[in-house]
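Hello,

Here is the structure that I promised to pass on to you. Please look through it with the notes below beside you.

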Amino acid sequence: MKKRIMAAMLCGILAVASLTGCGDTGADGPTATIQQSAKEQENSGAPEAAAGVTAGEESKSPDEGESSQGQEAQEVENIMQDIEITMQEVSPMDLVKEMKIGWNLGNTLDAVGGSIGVNMEMAWGNPKTTQEMIDTIIDQGFNVIRIPVSWGGQMGGAPAYTVLPAWMDRVQEVVDYAYSRGVYVIVNIHHEDWHFPSEENKDAAAEQLTALWTAIATRFRDYDEHLIFEGMNEPRKTGTSVEWNGGDQEGRDVVNYLDQVFVDAVRATGGNNTIRNLMVPGYAASSSDAALKGIVLPQDDHLIVSVHAYTPYDFALNTAGRSTWDNDTRDIDHLMEILDELFLSKGVPVIIGEFGAMNKDNEQERVQWARYYVGKAREYGVPCIWWDNNAFEGDGENFGLFNRRELTFPYPDLLEALIESAGPQE
């Protein structure tokens, strides 16, 4: 199986390996491209040699070039196959059974819109993440920590798409806060607009997605089964009429294609990544029937479907909606039923990677809702991960559960409902 998977993405590895340092913690990858956009590179007038090709090779005949590339490809494939697998092979269903309840480090490493570098972690007003914060969450009983990360602003241009080394280092440091505690950790790519799911953009998105996941997967290759990669967050046609309604056929098809690209890129890095469990979303990670029915899973044996479900919408997510739950179980029941029909009954596990009900000065209503939502999901074997953006007041989406500055839980009854409904902690 490994040989088939390695060959599938060999070209991707050859394209990025020498320019990313393969994500190795000791690699001194070039940082100049981080300061220069792809357009600036196009206008610089400086020709760029293809990755792994020296200037002297440009004068080779076609036959000689093909021979050289073939030798390089075989060498890389041999290296990938020789990397030892050091973790236990766990089926995705068995892995998900070990998950109880999760927490998102939201609006932190996923912040965008500012300058590059590690200070982007605080750009949206949240404090720098610490070991103490993560410890406090885990000590309450959360055994899944999802770490949303935005990478596009921390990458150089084509063809290398080099990740800023300091950013990769910081992501790894935060991952280690949770991983060192023995809980499950999910790393994703979050607020990205470059993988817009259209036929026109498909090839460019695939190239960048391959480069990025090759770098991430190589950096974390030696981590065991407690680390899960999530290929994309909510891939959708941003700013269009089909952004949030389940998408159109083109969008759903391209998301399926990019899911396969992600899986192939990770598998091609070898070692533990050949059997690591991976999360893949449908269009926008939507819980709509159209998006869920449009999912065509990649060819792979270690996949988990990623779904986001703030439901019922008027209570959970709509800022202009109602503050009372009114025992409205219909949408929650339907969600679990369709997840069972499409995936669970076929042996494919599901994680609700984001859920929550925003604060509307209605803790007891949220308590009742949480007990039903998480309890129903538990009946079906679907773990839920609370979206926490550390926001508690104002007119925005206030999903704060844990006050990171004070290390407190302002809504203790809601916290208790989440933990208890997820089942006994081992």
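**Strand β6 and its partners**

In β6, Ser-306 is the bridge partner of Pro-281, and in β7 the bridge partner of Ser-306 is Ile-351. This is a predicted model, in which local features need pLDDT of at least 70 and side-chain atom pairs count only at pLDDT 80 or more, while totals for chains, interfaces and linings use all residues. Residues are numbered from 1 along each chain as its sequence is written, and side-chain values use heavy atoms, with hydrogens and water left out.

Helices (H or I, at least four residues) and strands (E, at least two) are DSSP runs numbered from the N terminus, and two strands pair if DSSP finds at least two bridges between them. Strand β5 (residues 278–281) runs parallel to β6, joined by 4 bridges, and 4 bridges also join β6 to the parallel strand β7 (residues 350–355).

Because 6 of the 6 residues of β6 (residues 303–308) are buried, the strand is largely enclosed by the rest of the structure; buried means under 20% relative accessible area, exposed over 50%, and partly exposed in between (1.4 Å probe, protein chains only). Leu-303, Val-305 and Val-307 lie on one side, with Ile-304, Ser-306 and His-308 on the other.

**A charge over a ring**

A charge sits over a ring if NZ of Lys or CZ of Arg is within 6 Å of the ring centre and within 35 degrees of the ring normal. Lys-202 lies over the face of Tyr-257, at 4.7 Å from the ring centre, and Arg-366 lies over the face of Tyr-411, also at 4.7 Å.

Best wishes
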